[in-house]
Amino acid sequence: MVPEPQDSVIRRLENRLSEEPQRIAEAKKNGAKVIGYFCPYVPEEIILAAGMIPIRLAFGGELEPATAGEEFLKSYSCPYARCCLGYKLEGKNEYFNMLDAICVAQTCENMKRVSEYYEKYLGIPVFSIGMPHTHEASRSRPQALEYFKKELELFRQRLGDFAGKPIKGSAIRNSIKLSNSIREKLRLLFEYPREPSSPIEWRDAIRITQAGFVLEHNDYLSELDNLTQELEKKPPSGVKDNRVRLMITGSVLAVGDHKILDIVNESGGNIVADAVCTGSMFARKNVTIFGIMGNPIDALAERYLYNIPCPCMTDLDKRLSRIAKIARDYNVSGIIYYNLKYCDSWRAEFPIIKNYLNDKLKVPSLLLESEYSSSDVGVIKTKAEAFIEMLRGV
Amino acid sequence: MKLESFSGTAGLRFDSDLKSFDKLISFYLNAPQRVAATGKKVIAKGPLSPVDFIYAANAVAYDIATNESMVQSVFNGRTDLRPEAAAAGMSPDFSPWSLAMLGATLTGKALLPVDAYSTASSNLDDQITKSFQVMAQAGSSPLHFWEIPFYNPEAETFALTYLKKELQQLFDWLALYTGNKVTEGDLRRSIHLGNLLRQDMAEINTYLAMPKVPIAALEYYLVQMMMGDYAQDPEGLHTHYRNLIDELRIRAGKEETAPGISSSPVRVYLMGDESQELCIFNSIENYGGVMVGCDFRLPLYYDVIDEAKSPLDSLAQWIWRMPCNMPSAKRVRSELDLISKQRPDAVMISSVVGSRYISGAERMFRDVIKEELGVPVLSIETTFPNENAEKVDYQIQAFLETIG
């Protein structure tokens, strides 16, 4: 049961979410442009600095748009990627209907195809950002960072052309400050579930994070301020939580993709931490102060390239150490490894990550693989129940 | 060594009169023993990852996905590699190429032991990149990825700078693991040898462009497949290609077509994902077609590497423009001239279930080919050998009969 204080903020956020399409429509009437993006390698600070509205199009979890996406992608493609096309084709998601352009970081093969179909068939301008896939936390490949800086500079120029005016460094610095403040507040939210009697559940933290994918950023920051103030005043509940503490990692956990979370919850599990790109990873790591004082593009490149890499990037060591650190810090008993079917990059790493966590922390992992249909609910529930039961017995 | 004698290829039609092809196949199948005898380091690489610098380091390039799959799954008809890959924790939803490679490697059944893994990451194939990570970790083998940056003409200057630095780091890594420094002279010689092979392939393609095609689809496909790693011995492969070209020249001089090709066939260009279903090549001819081109390995021979300039500069520019490195629409447009040269009446696009590479772009390929070349297009989908042979055979029959 979610405690009362943040309930009020979540309600306010949800009200805001229901009003947001109308607000964006008004802004568009006044000349604002809406830029959608999918993967968190796109620095939204540059979009904000252009006076445009960034929207992270992380919607999924529904069968109909995934099926609609099969007009372009095969049924054996990632269902999230199919949704990225399907929502636009169906015309039922207001955010997709309001797009003026999309920006796509060239990450996995599925997302590359999504950008190509948008460009050729959907009449939407596409800004592509070349991504180095081979880079390491040890910075042994400085050329990757140099290249990425130049790609971001090119993006800035092209977006400026689209906006009809150059994007000033001062505007980027201001948007870095705003985005950093948001990230700081979100990180605080994700800190709470470390404690057994947290006044906020991880699941609320991720809902709040995902609300920020579409909400106007200044308003969103105000709401986050309110929420953190309320949480600070809230004493620990003192109620003993008997649920099994779990961490979730794996494929994109899209806005609207509740199936696995519901099943884990119903099976007696309590997800308290994550390593997913739509959760705490989105808020991890600020742009350094050098971005505010010095060249903002250099600082953005540093932040976005060296955040925790998606497994379509080759830096496995950094991914392993980060996942292990979270599992340790949050004192979890098990890992839910969520794999969207046909998400090859995450799927291939499962045996490696599972063995690593087992060897280093004695924390077992459960692979739950799914598409956006209800046909596998029974099987997943059985697996989740058995896993959580096993963890209770440990 | 004849392919007819393998359990997995029984029932397929081969051109038994083409003697140079039999010798080429023996050369290909004997490669693991030959390589082992040289004592050279074996570097596994992805199917479309270039190889010239591996040979410049006096090592052997091994296209592990193609060779393990083709010899073990396709020729020998082994069906146990897929379940073994799954038992090792891999997804059964991967492509048959990845699963056969993983099954063979993770269970120690690979034809050729690999010393190190290195392939281009980024735009070539996510499954290969991830599989290399898994295999290297399982075998505690050295692993080095190198990046081909996203193809965008606006970014050419800085992307090429990046690519050259990646190549230089790759050369350093090769020196470390092979004990052989990649000198400019070594690279120049290796590029020259690769160019000879690229010219061989271009010459073989001229025979496919003729009104009477002297080489059958199945033989052509297997010849082209060996470009994947220059068959682990570029000089040897060049010799065999020249012998094949000589034999094709004699046939062409007599205006002879390969056995199985009808007198006025429908000219079919095949593109897309490399298929393990070899019967499709026979089916093209069985129903009145002739294969006049195939782009499965085209990115490795689409053009020669400029030998007049610095080898590093030339290599980087050539890699950057490899068709497989381009976004799908650009890729297919970059191939249009090469396809047109072969004068096709129709195009077939092959997708492999489990592969995200071409299958994801199949719709784009189909539409661009129809728009630009105005020829009919058939999309086919295959998986492991013999799993949907009958369906594809019917599709090809219906397509060719409709056009013919």
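1. Arg363(B) sits in helix H15 of chain B. In this predicted model, Arg363(B) has 22 other C-beta atoms within 10 Å. Since the cut-off for a buried residue is 20 or more, Arg363(B) is therefore classed as buried. Between Arg363(B) and Asn30(B) there are 39 Å in space, C-alpha to C-alpha, and the two are 333 residues apart in sequence.

2. In total, 37 residues of chain A are in contact with 42 residues of chain B. The largest share, eight residues, is that of H7(B). Sorted by class, the side of chain B that touches chain A holds 17 nonpolar residues, 16 polar ones and nine charged ones.

3. One helix pair across the two chains can be described in detail. Helix H7 of chain A, residues 142-163, packs with H8(B) at an angle of about 170 degrees, and the axes are 10 Å apart. H7(A) is therefore roughly antiparallel to H8(B), because angles over 145 degrees count as such.

4. Which residues make this helix contact? From H7(A) come Gln143(A), Tyr147(A) and Lys150(A). They meet Phe158(B), Ala159(B), Tyr162(B), Lys165(B) and Glu166(B) of H8(B). By class, the contact of H7(A) with H8(B) comprises four nonpolar residues, three charged and one polar.

5. Two backbone angles in chain B deserve a look. Most residues other than glycine have a negative phi. Tyr230(B), which is not a glycine, has a positive phi of about 55 degrees. Tyr230(B) is located in the loop that runs between helix H10 (217-225) and helix H11 (234-253) of chain B. With 24 other C-beta atoms within 10 Å, Tyr230(B) is buried.

6. The second case is Asn386(B), a residue other than glycine whose phi is positive, near 70 degrees. Asn386(B) is placed in the loop between strand S8 (377-382) and helix H16 (389-403) of chain B. Is Asn386(B) buried or partly exposed? It has 17 other C-beta atoms within 10 Å and is partly exposed, because a buried residue needs 20 or more and an exposed one has 12 or fewer.

Notes:
Residues are numbered from 1 along each chain as its sequence is written. Chains are lettered from A and ligands numbered from 1 in the order in which they are written. This is a predicted model: local features need pLDDT of at least 70, side-chain atom pairs count only at pLDDT 80 or more; totals for chains, interfaces and linings use all residues. Two residues are in contact if their C-beta atoms, placed from the backbone, lie within 7 Å. Helices (H or I, at least four residues) and strands (E, at least two) are DSSP runs, numbered from the N terminus. Ala, Val, Leu, Ile, Met, Phe, Trp, Tyr, Cys and Pro count as nonpolar, Asp, Glu, Lys and Arg as charged, and the others, Gly among them, as polar. Axes are lines fitted to C-alpha atoms, for helices over the stretch in contact, and angles run from 0 to 180 degrees between N-to-C directions. Angles under 35 degrees count as roughly parallel, over 145 as roughly antiparallel, 65 to 115 as roughly perpendicular and the rest as oblique.
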